[in-house]
Amino acid sequence: MIEVMIFVALVGVWFWANWKRSGAQVRKTAANYVSPWDYEASVIEADHVLEDYRRRKQRSRVKASIKSPSLDGMPRSPSIGNVVEIRITDHIDDETYTEACDKTISCIEDDAHRNILKDYYIKRPIAVELLIADSGYGKTGYYDVLKDALYTFAGLWPAGDHGLLVRTNSERTPNKVRTKSEHLP
């Protein structure tokens, strides 16, 4: 019995030495994963889409109405476009935009990601410090989860072939490179 234990120990030592020498990794983590998508650029694209949500939501609530033209017989210069028609199509575009944002956020499976995006971009704006305190994360943890949620949103966005994901310049760029974006730390 002792001989078997010594043999197993020697095989384990030999295996471990060769494993270390070969440069193999013990386990593959998400940080080691190489993706064709640029994490930071995709986060910034999603941030640009969601930053405009509140303004477009307000604009979509304004009702555009069609009025019949008034002709008073006075000569006037030809107009470039139909202002009422432009107002109606802008209204439809705003409704479509906000509906796409709402549906994309609702498709996110992770509750924490979905709630952070709703609190940060969709609901009534409050101080970021209060959002951080309510979330239970530290400041850096909150922004890390927010960036992960934006990256998930970018992958689910319905417009375009790959949503808002931005392809990297190099095939060797890691998936998550933590750098500062415009207003996200």
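## A buried lysine and its surroundings

Let me begin with K147, which is buried, with a relative accessible area of 3%, where buried means under 20% relative accessible area, exposed means over 50% and partly exposed lies in between, with a 1.4 Å probe and protein chains only. Before I go on, please keep in mind that this is a predicted model, in which local features need pLDDT of at least 70 and side-chain atom pairs count only at pLDDT 80 or more, while totals for chains, interfaces and linings use all residues. Residues are numbered from 1 along each chain as its sequence is written, and side-chain values use heavy atoms, with hydrogens and water left out.

What does K147 pair with? Its partner is E40, and the two form a salt bridge in which the closest N and O atoms are 3.7 Å apart; by salt bridge I mean a side-chain nitrogen of Lys or Arg within 4 Å of a carboxyl oxygen of Asp or Glu. This pair links distant parts of the chain, since E40 sits in helix α2 (residues 39–51) and K147 in helix α7, 107 residues apart. E40 also counts as buried, at 9% relative accessibility.

D94 is buried, at 2% relative accessibility. In the other, the side chains of E99 and K103 meet at 3.1 Å, N to O; both residues lie in helix α4, four residues apart, which is about one turn of the helix. E99 counts as partly exposed, at 43% relative accessibility. Salt bridges that share partners also join D52, R55, R56, R59 and D94 into one network.

Turning to the chain as a whole, there are seven helices and two strands, taken as DSSP runs numbered from the N terminus, with helices being H or I of at least four residues and strands E of at least two. Along the sequence the pattern reads α-β-α-α-α-α-α-α-β. Of the 185 residues, 26% count as buried. Among contacts between residues at least 6 apart in sequence, 79% join residues at least 24 apart, contact here meaning heavy atoms within 4.5 Å.

Leaving aside neighbours within four places in sequence, H113 is in contact with I108, V145, D148, A149 and T152.

Finally, how do α6 and α7 cross? The axes of helix α6 (residues 128–135) and helix α7 (residues 139–156) come within 10 Å and cross at roughly 90°, the axes being lines fitted to C-alpha atoms over the stretch in contact, with angles running from 0 to 180 degrees between N-to-C directions. The two helices are therefore roughly perpendicular to each other, a label that covers 65 to 115 degrees, whereas under 35 counts as roughly parallel, over 145 as roughly antiparallel and the rest as oblique. V128, L131, I132 and S135 of α6 make this contact with K139, Y142 and Y143 of α7.
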